[in-house]
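User: Could you take me through the sheet in this model, step by step? I am new to it and would like a close look at that one part.

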Amino acid sequence: MTAKWTADSISDLSGKYAVVTGANSGIGYEMARALAAKGATVVLACRNWAKGKEAVRRIRQVYSNAQVELMPLDLSDLASVRRFGEAFSSRFKRLDILINNAGVMAMDFRKTANGFELQIGTNHLGHFALVGQLLDLILKTPSARVVTVSSMGHHTGAIDFDNLNAERGFKQAGTYGQSKLANLLFTYELQRRFVAAGVDAMSAAAHPGMTATNLQIPWVFRVLTRLLGQRAEMGALPALYAATAADVAGGEYYGPDGWQGLKGYPSRTQSSDDSYDPDVAATLWAMSEELTGVRYRWPVV
């Protein structure tokens, strides 16, 4: 891995197609901007239409020839996920890079449109359904990559299959940690299934360290982020590395290389022992298919 890898290190992406969820602000915006700067056609998949339009305007203001556009996506609503998948698949014939970035954090107990607890419903189930909706395009695109953004907060989580929706006990940090652990279990299980199906696609994960974003977080974390963290353009680098660098392998996890992974340049890292449990991952996958109604269709090998 090259030392001090930055967005300028990304190779030319002309002819590549990318989707970044939650790209209207924070690290998602920085990911979309960096991919567009290198020539990719980038779809900003956003829930907030006004902020998404402003993000597109800002990218085009800096890069006049940028191929960027906005498409509506609300990951807390499976009907919206389905509409996005149908619309994208009808307009585009390939998907080289999908970055599952959007997320919610430190929310009071709320439910999605489909009755899921908001954090597991948005951060995991919404993205699980999205990848399933776009799977045909991913499988048709040589060397496609799916990058899912987790968090250091996954260390605080445990998958409680009897209380996945936190209806019998809700704790902000623990429920958020569960959703980010689910992101990693999904990432590694998706890679196992890519390998088993013999397809030319890759699933990897990343985390941004302690990065200043627009996520709703307690004031004490906002203070700590200002003192110990980094800017959004740096926090975006691990996911950009996973999405574009030549030496990335499926099933790997990337984060900042500084102290405790709080900030720095992209580096290969390790997630919690729980995140690598294939039995838990397979059970979560089956439950996710049942809850979302999205079943992945694999080629016969």
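Analyst: Eight strands form an open sheet with mixed pairing, in the order S3-S2-S1-S4-S5-S6-S7-S8. Strands here are DSSP runs of E with at least two residues, helices are runs of H or I with at least four, and both are numbered from the N terminus; two strands pair if DSSP finds at least two bridges between them. At the edges lie strand S3 (67-72) and strand S8 (266-269), each pairing on one side only. From one strand to the next, the twist averages 25 degrees.

A word on the source: this is a predicted model, where local features need pLDDT of at least 70, side-chain atom pairs count only at pLDDT 80 or more, and totals for chains, interfaces and linings use all residues. Residues are numbered from 1 along each chain as its sequence is written, and side-chain values use heavy atoms, leaving out hydrogens and water.

Now to strand S5 (residues 144-149). Strand S4 (residues 97-100) runs parallel to S5 and is joined to it by four bridges, with Ile-99 opposite Val-147. S5 is largely enclosed by the rest of the structure, because six of its six residues are buried (under 20% relative accessible area, with exposed over 50% and partly exposed in between, using a 1.4 Å probe and protein chains only). In a regular strand, side chains alternate between the two faces of the sheet. Here Ala-144, Val-146 and Thr-148 are buried on one side, and Arg-145, Val-147 and Val-149 on the other.

Further along, strand S6 (residues 201-206) and strand S7 (residues 253-256) pair in the parallel sense over two bridges, and Ala-205 stands opposite Tyr-253.

Methods
Axes are lines fitted to C-alpha atoms, for helices over the stretch in contact, and angles run from 0 to 180 degrees between N-to-C directions.
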